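Let's take a walk through this protein together. Have a look at the sequence and the fold, and then we'll go through some sheets and helix pairs one at a time.

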Amino acid sequence: METSVRFTPLSGVDAESPLCYLLEIDSFTILLDCGWDENFDPAALEPIKRVLPRINAVLLSHPDLAHLGALPYLVGKCGLQAPICSTKPVRRMGEMFMFESYLAKQAISDFETFDLDDVDAAFRLNASWTELRFSQRHQLVPPPPDSKAAAATGSSSGQPAAAAAAAVAGGGITITAHPAGRYPGGAVWRISLGCGEELVYAVDYNHRKERLLNRTHFDELLAANQPALLVTDAVNALTEKSDRHRRDEEFLDAITATVEAEGSVLIPTDAAGRVLELALLLDEHFSKARVAAAPVILSATIKTVLEFARTQLEYLGNELVQAFSLKRAVPFSFRKLSVITRLEELGAFPGPKVVLATMPSLEGGPARELLVQWAALPRNTIIFTERAQAGTLAAALQTHDPSAGSGPLRLRLRMGRRMPLEGEELAEWQAAKVAAAQELAEHGGSAKDSLPLLSPSCHLTPASRLAAAARLASAGSAAAAAAGGGNAGGHTTALSQLTSPAVGRGGSGSTDQPLRASTGSISRLVRDSTTGAIVQTLTASTPGGAGAGAGAQKHHSSGGGWDAGLLMDGFEPPEDAAFPMFPDEDEPLYCEWDEYGAVLGKDEFRVPTLTDGVGAAAGRFGAGGGDTMDVDVGDSAGGGSGGGGGSGGAAGPGGDEADVADEVDEAPTKLVLSEIDLEVHAAIRYFDFEGRSDGKSAVEYLARVAPRRLAVVHGSAAARAAMAAALRRDLTYYGTQVFTPELGEALEARLAASQVAALGPTLAESLGVRQAGQYGVAWLEGRVTAGQVAGTAASGAPTPVLEPVLADDEDLPGAMAAAATARLSSGGGAGAGSVLLAQAGAVLTLTRLKAALLAAGFESHFPSRGVLAVMVGDGPSAATLIVTLGSGTPADDRVVHVSLDGPASEAYYKVREVIYEQFGVC
């Protein structure tokens, strides 16, 4: 039975839009990526919202905004519940991308499209997320049962077994992730159908090995399969191939020249992707070169990113893995590069600075703040490492041409910062919180009302969420599997995954947030809004509160000996009790165990101390705005959070004290907007560190795969047209259909089930298998017979068997019987024959043959057009061999005639072998 495949672009047709595509396999719908841009406009997601109810699975290829930026909104606001599949780095790094983007937006605007609770719900607390390793097969749709089970199902339901098998989408769907080579964990998705066909989703891949990652090799994995459909991008279709070493030298020379002129360098970069490649390059350069400058990474999430990246050796490049295996060099243990999380810490580094700062668009984050401070000085340099999205501040800087005579670039920027509430504003905010708490108490104190799983009342600070992410990254897959739970009983467990094992952090929406998750029947530890002290109190309107207070006073006056400030809700201590007792209703916190018992960390032994409210406000992210982000994720090899080198770099003042302040809510803030005029005199440079394949290399890779259908998306109209034309030219011999679908345009295909046959023992033994590259190739000729049933096909029908063609077979036509007789009489057997097969996309040319002959030790030259002369032998035995390529016949232009003329000698046969090596001979 045929399988219906339908591919529809929902977004990501042009180069500027994020990637999001719909793949329908019979009745099963897969969402390929769900990207969003930095505008976070919900209107852009309308095409996804319309198909959201019928999405059965989501496949994520990369961790950046362009591939998964809409996931928190779709999960938290739109109710997406479909299973999500990705590699582990895509999940963890994607969370850091979204975290950084939210903080950048929140620092300069009242951003309410989604919040950090939605980020937690989409990533860390998502129980439907499946993390896959590279080359791990995972069944999205199980295959149909075998013939016996299908027959039993059909007989019991009154339907035939074939109908039961046909009900399975695609005959079963299995997915496999292969490395894409651009981001850690970035994947090329291979979707295998039970009918024997394969679909491939390959976007943003890199064919070149880098410091951080190995190259992609999906062309080698798929070359023998010829997928039914391959989806690829054309972002770099018009980009010429560049020399990586030359690019690195020019990049470092630009930095050195700026530093020697007493200038500073700003490099806007992402939060958890390409920044790691740049960090390795800068640390290597500054470790070897004597440059009087301080290289720094400035990002709110960078410590958590590095902590997680160190634990993912299997996804990193060979150089990092070998350095760890042979030298015990911990990845990202920087010798010169310092790591900071707040802009104020940059003042601890005197002299010129080289700063990797988020965000690359300059629409927010510390990079925007540094641009305002440094852009007016001609001695400074701003270096971009990726192309900016149209309409952003980075795009305005990249497209400005100072040589046009228009003078320096002048911009009017809107800047925003968050200031703590004071005076009447603070009093109004406190009154509103009191009113909200009283209203919540009046509506009852049930666990559902007082402890929502993911709502603004949870009020976990950004730093506490980051610390939890770091603990989860180092805890392993066991902690990841424990996080989540969709029922009410799992709410407390899921929330406890976000909190410290020593001190819980949660809330019930009261005036002041509690230090631990609690129910309405237990008193709460809260932070006093006026004094900042931690006190234990009970809401006056809570049922049983008055009685509890009276009982507490009575027991205290009677000399019970226990603390009268410990109030209980609805509980009267016994008269003879020395201390009050109450049940612990919290779910047990997750604790990792080994053969020696519970695994303890330094958090279990820390004594919390509260910092001054003014001091905490002064240490906020950015220039006076946002949330405190300095997170102590534990000591790591190579350095801590102190100054100088090491993995922690120069963390600056604050250190561990900032982590303590995150255990309670910070003071309320307000957004203060201002407009400034910026005149850019700093030098602006661009170096391509995007980590994508160039156009020519991408075409060669795709030609080696040679899919039957190929959809080109995500690129400018000119880029998509150029790549489609190149692929049609190189894949003409393979009959590949190349499409460039527009937005909302569906590409449909109906795939017939592949015919499975077993080789008979006699035929298998007679095959002459020749090596062709990494594959074994043989000429096969046989006939289908009933024979012995070697097994059962997916549909439950017997598997046919291929047997050799016999000369005396009465069913063969006369010509075929005569040919079989001639082959058998010559001793060739059923596997006889000789065919030269060119590799996919590798057309033989004299230039390519000249290079192959030179590698084999033969000198050659072109005496005339279309003729290659090969010089063989020395002295009297010297001779010249002539190689020509003849055109194919008009009936079949796929055939190329290779002619080798010259005297017979040992060199003649060696040259012939070199020519044969350009083909697969079978």
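The strands themselves (E, at least two residues) and the helices (H or I, at least four residues) are DSSP runs, numbered from the N terminus. In general, strands of a sheet pair through backbone hydrogen bonds, either parallel or antiparallel.

Keep in mind that this is a predicted model, where local features need pLDDT of at least 70, side-chain atom pairs count only at pLDDT 80 or more, and totals for chains, interfaces and linings use all residues. Residues are numbered from 1 along each chain as its sequence is written, and side-chain values use heavy atoms, with hydrogens and water left out.

So how confident is the predictor? Where pLDDT is low, the predicted coordinates should not be read in detail.

Now for a sheet. Seven strands form an open sheet in the order β6-β5-β4-β3-β2-β1-β26, and the pairing is mixed. At its edges you'll find β6 (129-132) and β26 (747-751), each pairing on one side only. From one strand to the next, the twist averages 20°. Axes are lines fitted to C-alpha atoms, for helices over the stretch in contact, and angles run from 0 to 180 degrees between N-to-C directions. Zoom in on β1 (residues 3-11): this strand and β26 pair in the antiparallel sense over 5 bridges, with F7 standing opposite L747 in β26. Helix α4 (residues 88-108) packs on this sheet, touching β5 (84-87) and β6, and its direction makes about 100° with that of β5.

Helix α9 (residues 244-260) and helix α10 (residues 274-288) have axes that come within 12 Å and cross at roughly 65°. On the α9 side, D248, F251, L252, I255 and T256 meet L278, L281, L282, H285 and F286 in α10. Sorted by type, the residues of this contact are 7 nonpolar, 2 polar and 1 charged. For that sorting, Ala, Val, Leu, Ile, Met, Phe, Trp, Tyr, Cys and Pro count as nonpolar, Asp, Glu, Lys and Arg as charged, and the others, Gly among them, as polar.

Another pair is helix α24 (residues 695-705) with helix α25 (residues 717-730), whose axes come within 10 Å and cross at roughly 40°. These two are therefore oblique to each other. As for the cut-offs, angles under 35 degrees count as roughly parallel, over 145 as roughly antiparallel, 65 to 115 as roughly perpendicular and the rest as oblique. α24 passes α25 in a right-handed crossing. Here A698, V699, L702 and A703 in α24 meet M723, A726, L727 and D730 in α25, which gives 7 nonpolar, no polar and 1 charged.

Next, find strand β31 (residues 801-804). Strand β27 (residues 758-759) pairs with β31 in the parallel sense over 2 bridges, and A758 has V801 as its bridge partner. Strand β30 (residues 782-785) pairs with β31 in the antiparallel sense over 4 bridges, and there V784 is partnered with L802.

Our last stop is an open sheet of 4 strands, ordered β33-β34-β35-β36 with antiparallel pairing. β33 (859-864) and β36 (897-901) each have a single partner strand, so one side of each is left without a neighbour in the sheet. β33 and β34 (residues 867-872) pair over 4 bridges, and the partner of E859 in β34 is M871. Helix α29 packs on this sheet, touching β34, β35 (879-886) and β36.

Terms used: Two strands pair if DSSP finds at least two bridges between them. Contact means heavy atoms within 4.5 Å. A crossing is left-handed if the near helix is turned anticlockwise from the far one by less than a right angle, and right-handed if clockwise.
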